[in-house]
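Visitor: I am new to this structure and would like to learn how to read it. Could you walk me through it?

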Amino acid sequence: MDASVVLDPVDLHLLRLLQNDARTTYRDLAARVGVAPSTCLDRVARLRRSGVILGHRLRLDPAKLGRGLQALLSVQVRPHRRELVGPFVERVRALPEARTVFHLTGPDDYLVHVAVADMADLQRLVLDEFTSRREVARVETRLIFQQWECGPLLPPGHAES
């Protein structure tokens, strides 16, 4: 397991701000945090180098892209062996409908978040891409009614203020 990175209050403030809007300029970040722009740039670069900041992503509305139905697929594979994990995950990640894949403990081995056009598209995906696979023993589907974003991710003991 990776070791935690020690973060001071300035780092934590930068992370809060960047998680709310990753497009914020260094000048604006520096002013809001109370440091010089060069210091801000150095801090963010250090957070990237240390692996705290993994990247920046653009969030899209699936419904506006013709994928108005989202679901969580609980997938059980048999046999559940190490040599099947990589190929299964890569196959799922290659599906245009797949949004996120989790490898789990418990009765289900994977949880896959998908975005599809409609119920018929979801049925096609489950039957053609999951249950047709030899190693897939069971798929359980849960439709997502609504989704909410939560606050910024911070180390334990540093609740949002």
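Visitor: Let me start with one side chain. Does arginine 91 count as buried, partly exposed or exposed, and what is its relative accessibility?
Guide: One thing to know first: this is a predicted model. Buried means under 20% relative accessible area, exposed means over 50%, and partly exposed lies in between. Arginine 91 has 34% relative accessibility, so it counts as partly exposed.

Visitor: Which side chain does arginine 91 meet in a salt bridge?
Guide: The general idea is that side chains of opposite charge can pair when their charged atoms come close. Here the partner of arginine 91 is glutamate 129, at 3.1 Å from N to O. Glutamate 129 is partly exposed, with a relative accessible area of 21%.

Visitor: How many salt bridges does the structure hold?
Guide: There are 16 salt bridges in the structure. One of them joins arginine 43 to aspartate 8, with the closest N and O atoms 2.7 Å apart. Arginine 43 sits in helix α3 (residues 37-49), while aspartate 8 is in the segment before α1 (9-20); this pair links distant parts of the chain, 35 residues apart.

Visitor: Are arginine 43 and aspartate 8 buried or partly exposed?
Guide: Arginine 43 has a relative accessible area of 18%, so it is buried. Aspartate 8, with 28%, is partly exposed.

Visitor: Which residues are linked with Asp8 and Arg43 in a network of salt bridges?
Guide: Asp11 and Arg46 are linked with them in that network.

Visitor: What about arginine 138: which side chain does it meet in a salt bridge?
Guide: Arginine 138 pairs with aspartate 108, and the N to O distance is 2.2 Å. Arginine 138 is in strand β4 (residues 136-143), and aspartate 108 is in the loop between β2 (98-103) and β3 (110-116), so the pair ties together parts 30 residues apart in sequence. Arginine 138 is partly exposed, with a relative accessible area of 28%, whereas aspartate 108 counts as buried at 13% relative accessibility.

Visitor: Now the cysteines. How many disulfides does the structure hold?
Guide: In general, a disulfide is a covalent bond between the sulfur atoms of two cysteines. This structure holds zero disulfides. Cysteine 40 counts as buried, at 0% relative accessibility, while cysteine 150 counts as exposed, at 71%.

Visitor: Let me step back. How many helices and strands are in the chain?
Guide: The chain has five helices and four strands. Following the sequence, you can trace them in the pattern α-α-α-β-α-β-β-α-β.

Visitor: What is the radius of gyration of the chain?
Guide: The chain has a radius of gyration of 20 Å, whereas a compact globule of 161 residues would have one near 15 Å. Along the principal axes, the C-alpha trace spans about 60 × 35 × 25 Å.

Visitor: And what share of the residues of the chain count as buried?
Guide: Of the 161 residues, 30% count as buried. The chain exposes about 11,200 Å², and carbon and sulfur atoms supply 54% of that area.

Visitor: Which share of the contacts comes from residues 24 or more positions apart?
Guide: Among contacts with a separation of 6 or more, residues 24 or more positions apart account for 66%.

Definitions and conventions. Residues are numbered from 1 along each chain as its sequence is written. This is a predicted model: local features need pLDDT of at least 70, side-chain atom pairs count only at pLDDT 80 or more; totals for chains, interfaces and linings use all residues. Side-chain values use heavy atoms; hydrogens and water are left out. A disulfide is a pair of cysteine sulfur atoms within 2.5 Å. Buried means under 20% relative accessible area, exposed over 50%, partly exposed in between (1.4 Å probe, protein chains only). A salt bridge is a side-chain nitrogen of Lys or Arg within 4 Å of a carboxyl oxygen of Asp or Glu. Helices (H or I, at least four residues) and strands (E, at least two) are DSSP runs, numbered from the N terminus. The radius of gyration is taken over C-alpha atoms; the globule rule is 2.2 Å times the number of residues to the power 0.38. Contact means heavy atoms within 4.5 Å. Accessible areas come from the Shrake-Rupley method with a 1.4 Å probe; for residues, only the protein chains shown count as cover.
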